[in-house]
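Please read them with the structure open.

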Amino acid sequence: MLRGMNSPRQHPGQAPPAIEALGLRKAYGAKVVLDGIDLRVPRGTIFSLLGPNGAGKTTTVQILSTLIRADAGTARIAGHDVVAEPQSVRAAIGVTGQFSAVDNLITGEENMALMADLHHLDRREGRRVTAELLERFDLVDAAKKPAATYSGGMRRRLDLAMTLVGSPEVIFLDEPTTGLDPRARHAVWQIIRELVDGGVTVFLTTQYLEEADQLADRIAVLTDGRIVAEGTADELKRLVPGGHVRLRFLDPAELARAAEVLGVGLRDDEALTLQVPGDGSVHTLRALLDALDGARVAVDSLTMHTPDLDDVFFAVTGRPEHEKVRTR
Ligand SMILES: Nc1ncnc2c1ncn2[C@@H]1O[C@H](COP(=O)(O)OP(=O)(O)O)[C@@H](O)[C@H]1O
Ligand SMILES: [Mg+2]
């Protein structure tokens, strides 16, 4: 490789990032879908665009994969401009959409062969790649059956296998696990991890906080066409108030004594609970219980809460994650 010599913005000796976008805008009529999106995804990493239905995730993927054009802004994939060099971009990417590209009427193997033809692999190479991918995605037994007979998880795996026929450097996965049961979802997660271990860059859209938390090196929260927060899962979690421990007491007198001993916390006289700050570590918890023990205050029960991406989502978008999922 020419080590980025063709791109003056790069430091010498450094390949361009897998994805770089600046100021992407897109509107349909009066409806602004993307309102200035910046993205930078280093090679060999998983980047997650997290957002509720209608946030603009698919629109972003469509722009980055050259399917549609932005009204404004620029995007480069593996160093190639999506508008000026769409063919080079297409050669470098694989896209698995929210809705499967699998043809249900033919077998898994035939679907794969079709992809091999599309990528101009010769017969022999096509067969080799197909066999290898069917094996890797645990589809050997199903290979000769019509895709219509596949479960959701199998279809998704076939879809991913088809995306990989062209050996893409950058893979766009648009909600790859929406509608899958937990077991199939975990299987897809495992595949995504293996892809990245193999050096591929993954751009993953999801509406599941847990998915982004599990997989992504970096997460951008997209809502109403804007990125409202970006960082690692840990960085995002630090945006919200810390964790807490909620102590429950059997009677108001114990609660009152605990509040006095600890000197901090949110007191609920009706629920007989006291909520005190705490990071959930054994050390903090022990110190807390020792203090209460020392004052002979009896605690009935306790629960711990560490901030998760759900809290982050609520903090940056003003609505809880479960609410947005339920609206669909
Ligand atoms: N071709 C289109 N014409 C008109 N509106 C569109 C079109 N594509 C998307 N939209 C609108 O843009 C918004 C974002 O859509 P989309 O990018 O599909 O969101 P997401 O993938 O995050 O659910 C939605 O309000 C959607 O209705
Ligand atoms: Mg979508």
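1. In which sense do strand β1 and strand β4 pair, and over how many bridges? Strand β1 (residues 19-28) and strand β4 (residues 72-77) are antiparallel, and 5 bridges join them. Strands here are DSSP E runs of at least two residues and helices are H or I runs of at least four, both numbered from the N terminus; two strands count as paired if DSSP finds at least two bridges between them. Within this pair, Ala21 has Ala75 of β4 as its bridge partner.

2. Some conventions. The model is predicted, with local features requiring pLDDT of at least 70 and side-chain atom pairs counting only at pLDDT 80 or more, while totals for chains, interfaces and linings use all residues. Residues are numbered from 1 along each chain as its sequence is written, chains are lettered from A and ligands numbered from 1 in the order in which they are written, and side-chain values use heavy atoms, with hydrogens and water left out.

3. Domains. The protein splits into domain 1 (19-237) and domain 2 (244-305), with bounds taken from an automatic or database domain assignment. Taken over C-alpha atoms, the centres of domain 1 and domain 2 are 47 Å apart.

4. The sheet containing β1. This is an open sheet of 4 strands in the order β2-β1-β4-β5, with antiparallel pairing. β2 and β5 are the edge strands, each pairing on one side only. In general, strands of a sheet pair through backbone hydrogen bonds, either parallel or antiparallel.

5. β4 pairs with strand β5 (residues 80-81) over 2 bridges in the antiparallel sense. Ile77 has His80 of β5 as its bridge partner, and Arg76 stands opposite Asp81 in β5. The hairpin has 2 residues between the strands, and Ala78 takes a positive phi near 50°.

6. The shell around ligand 1. Residues around ligand 1 include Tyr28, Lys31, Val33, Pro52 and Asn53, as well as the run Gly54, Ala55, Gly56, Lys57, Thr58 and Thr59; a residue is counted if one of its heavy atoms lies within 4 Å of the ligand. By class, the shell has 4 nonpolar, 5 polar and 2 charged residues. Here Ala, Val, Leu, Ile, Met, Phe, Trp, Tyr, Cys and Pro are nonpolar, Asp, Glu, Lys and Arg are charged, and the others, Gly among them, are polar.

7. Backbone contacts to ligand 1. A polar backbone atom of Gly54 is 2.7 Å from an oxygen atom of ligand 1, and one of Ala55 is 3.2 Å from an oxygen atom of the ligand. For Lys57, a backbone N or O atom lies 2.8 Å from an oxygen atom of ligand 1. On its own, ligand 1 has 560 Å² of accessible area, and the protein covers 61% of this (Shrake-Rupley method, 1.4 Å probe). β2 (31-41) and α1 (57-64) are the elements that give two or more residues to the shell; α1 gives the most, with 3 residues.

8. Strand β11 (residues 244-248) pairs with strand β13 (residues 273-277) in the antiparallel sense over 5 bridges, and Arg248 stands opposite Thr273 in β13. Strand β12 (residues 266-268) is antiparallel to β13, with 3 bridges joining them; Leu266 stands opposite Gln275 in β13. β12 and β13 form a hairpin with 4 residues between them, where Leu272 in the turn has a positive phi of about 60°.

Notes. Polar contact = N/O pair within 3.5 Å; in protein donor to acceptor, adjacent residues only side chain to side chain.
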